[in-house]
Amino acid sequence: MNQRSRLHVPNPPARPGDKPDFSYVRLSPAGAVPKPDVTTPVGEITDLANSLIRVLDDNDTAVGAWNPHVDAPELQVALRHMMLTRAFDDRMQKIQRQGRISFYMKSTGEEAVAVAAGMALRPMDMLFPAYRQQGLYVVRGRSLTDLMCQCLSNTNDMCKGRQMPVMYHWAKGNIFSISGNLATQFPQAAGWAMAAAIKGEDHIAASWVGEGSTAEADFHYALTFASVYRAPIILNVVNNQWAISTFQGFAGGERGTFAARGPGYGIPGLRVDGNDFLAVYAATQWAAERARMSGGPTLIEHVTYRAAAHSTSDDPSRYRPKEEWQAWPLGDPIVRLKKHLIALGEWSEERHTALEKELEAHVTACWKEAVKFGTLTEGPFLDATTMFEDVYKQMPPHLARQREELKALRALQASIKPGSSEEAELDAQTQSVAKEG
Amino acid sequence: MAYMNMVQALNSAMDIMLQRDPRVVILGEDVGYFGGVFRVTDGLQRKYGEHRVLDTPIAEGGIIGAAIGMGVNGLKPVAEIQFADYIYPGFDQVVSELARLRYRTAGEFSAPVTVRTPCGGGIRGGQTHSQSPEAIFTHVSGIKVVMPSNPYDAKGLLISAIEDDDPVVFFEPKRIYNGPFDGDPHKPAVPWSSHPRGEVPEGYYTVPISRAEVVREGKDLTVLTYGTMVHVVEAAVRLSGFDAEIVDIRTMVPLDVDTLCTSVCKTGRCVVVHEATGFGGFGAEIVATIQEACFWNLEAPIQRVTGWDTPYPHAFEWEYFPGQARIAQALKSVMEAA
């Protein structure tokens, strides 16, 4: 008998050059998972954390107890939102490749996670997304032009040039600021939900993290606080299998589901087909109703696949098979909803192609509008001296002084054309500015 | 000798230490199979196996906490925090544990952990990929703090850090990973092969921790700086025409007070430059130290040139970055003070 311990190091089933292998993804047939009443105690529904809630079956039909019975016009809106999200992502990626924005992150393949949740929640519910839920902005109707202006850091940028692309926020739309640091929004969302309960409101909070980020302590803080105070919150884990190069086994996905983290904290865990619009919609609806009835938090794991690179700085061909997405057992959320609508007689390939063209034209029009407010390289430019604003509500004297210093420096630089004879006078002028400063 | 950029030099340092010392292990996010988002650990897992070069969960507190435990159990962990901006979830483990373990156990326990982390701006990284938090760590007793400015020093200092029995936080200015950067983003990038300190021995050598280096001798004034700013200061000095002495501090804690003060006492004038925010910054410690040791030799007030006291703004990084113009202004101002 081996009496020595041996370190286990998780490895994904396939690396570049290997055949994709998703046999580790545990599936349930569509319609197979029972739907409990929203008041059911957590201890009686732990199975939901280890099965997979699915509504759309292989024949593109909605089946089972979790079918939310969304009517066809609403489904067409959902399809449009998902397609617009994808068209927007595709365009911004191209624009980044042209060097016109510094960075971008696509949500390709995960559109249903954000769009279905956004549609199942109420406008006054507060959303605390991570950086791959742009679909929430599409659902809540923020203009793509505004999102593009943020990515451009231009004169119409909601962040005034202070944040990297995709780090949006929208107070009026009840969507919290996206942080570049991981999982920080999770406990904050729990606190927001606690405040809603303290104030006796019926608004709830929803937050999203990637499965990789569940390793951060913030994830566990959120579950503890949400559970202890039965905060009205939906805690979403988007399990897209990859955290940059690190596969989900490194976040603890090898020997348990992410949904199963919930019951350990006294929180129901639902494991959901994240590429099935109807399943995500139904699970969100169930959790929202439970939260509004003082039933407390729900953890939802959305099983999906990050079809694109982590970001424009990433190259996934270095660490996973190129054709992995084609082999993903849960398909493409847009194709699946499209086929369902066609099966219902409420959609057609022709209408789909026409809508694709319409949305592409819309994205183009938004881009044309956005660049009017400037780009990183072409004016109009934001005034750099605004960087000193909003550090505090009122600018303290040391920042006011620094702002004047920068103004003087910029005035000096503007007065000197590179290579001109005036440049030789720089010394004297610099000296006088330095003394005034 | 070979030309290496800073990424290759750091990789070589870890390669050599993994080879020389079976206690050395590397851990961090994406560092194993992928070789790190900046490629600093490229090929090391393939060469030494996944028990020596470990991919970790995304949990900086977990990475540093686990590194401490490994260190207590006889290993020499080199932990990578992917960006210095992400180090804060591990801050409690650094401040309350790593820094004080030797002290609170009267030497019975200690953890020889090296924490490597890329820092600094100039890559359009916005406020979460651009920070220079070195001063926060210099304020903590019990850890050494290092920031190299070139491939030669990077390799020699990292080997020293790994061999050191005390914990070291090792900042890597990522803007100069691939070449020296003089602060002008409009100029074409320059490779390290064009710089004398891009020439790096392929084998083992060390650069001692706690030694600053005079990188340019001069008699008019002294500029004290480190990291990326060493190269920006060199360019600003050329622009200004002054015969400045430039000292690369290299190690912030323990500080090489002698080298700094010898230079300032010689020239009588001093400018301190760093990229991090000024208020409560490491420059304040330098200025206080110089003032105590060199007051009677000073001919002018010491000036600091630093990042503004705001978060690092994405769109305005070159207005934020303390570039050649601001440094040249300070040099003139210090030279022309009575």
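This briefing covers the chain contact, a helix pair, a sheet and the domain layout. The model is predicted. Chain A touches chain B through 41 residues, which meet 40 residues of chain B. Chain A is assigned two stretches of domain 1, 42–314 and 321–371, plus domain 2 at 384–436. Chain B holds an open sheet of seven strands.

**Contact between chains A and B**

- On chain A, 41 residues are in contact with chain B, and 40 residues of chain B are in contact with chain A.
- Two elements of chain A give two or more residues to this side: helix H12 (397–415) and helix H13 (426–436).
- H12(A) gives the most, with six residues.
- By class, the chain A side divides into 22 nonpolar, 15 polar and four charged residues.

**Domains of chain A**

- Domain 1 is made of residues 42–314 and 321–371, according to the domain assignment.
- Domain 2 runs over 384–436 in that assignment.
- The centres of the two domains, taken over C-alpha atoms, are separated by 44 Å.

**Helices H5 and H6 of chain A**

- Helix H5 of chain A spans residues 185–198, and helix H6 of chain A spans residues 217–228.
- Their axes come within 7 Å and cross at roughly 20°.
- That angle is under 35 degrees, so H5(A) is roughly parallel to H6(A).
- The crossing of H5(A) and H6(A) is left-handed.
- H5(A) brings A:Phe186, A:Pro187, A:Ala189, A:Ala190 and A:Ala193 to the contact.
- H6(A) answers with A:Asp218, A:Phe219, A:Tyr221, A:Ala222, A:Phe225 and A:Ala226.
- The contact has 10 nonpolar residues, no polar ones and one charged residue.

**The sheet of chain B**

- The strand order is S3-S2-S4-S5-S7-S6-S12, and the pairing is mixed.
- Strand S3 (53–55) and strand S12 (251–253) of chain B stand at the edges.
- Each edge strand has a single partner strand, so one side of each is left without a neighbour in the sheet.
- Neighbouring strands are turned by 20° against each other on average, direction ignored.
- Strand S5 (residues 114–119) and strand S7 (residues 168–173) of chain B run parallel and are joined by six bridges.
- B:Thr117 has B:Phe171 in S7(B) as its bridge partner.

**A helix on the sheet**

- Helix H7 (residues 151–163) of chain B packs on this sheet.
- H7(B) touches strand S2 (24–28), strand S4 (76–80), S5, strand S6 (144–146) and S7 of chain B.
- The direction of H7(B) makes about 160° with that of S7(B).

Terms used
Residues are numbered from 1 along each chain as its sequence is written. Chains are lettered from A and ligands numbered from 1 in the order in which they are written. This is a predicted model: local features need pLDDT of at least 70, side-chain atom pairs count only at pLDDT 80 or more; totals for chains, interfaces and linings use all residues. Two residues are in contact if their C-beta atoms, placed from the backbone, lie within 7 Å. Helices (H or I, at least four residues) and strands (E, at least two) are DSSP runs, numbered from the N terminus. Ala, Val, Leu, Ile, Met, Phe, Trp, Tyr, Cys and Pro count as nonpolar, Asp, Glu, Lys and Arg as charged, and the others, Gly among them, as polar. Axes are lines fitted to C-alpha atoms, for helices over the stretch in contact, and angles run from 0 to 180 degrees between N-to-C directions. Angles under 35 degrees count as roughly parallel, over 145 as roughly antiparallel, 65 to 115 as roughly perpendicular and the rest as oblique. A crossing is left-handed if the near helix is turned anticlockwise from the far one by less than a right angle, and right-handed if clockwise. Two strands pair if DSSP finds at least two bridges between them. Domain bounds come from an automatic or database domain assignment.
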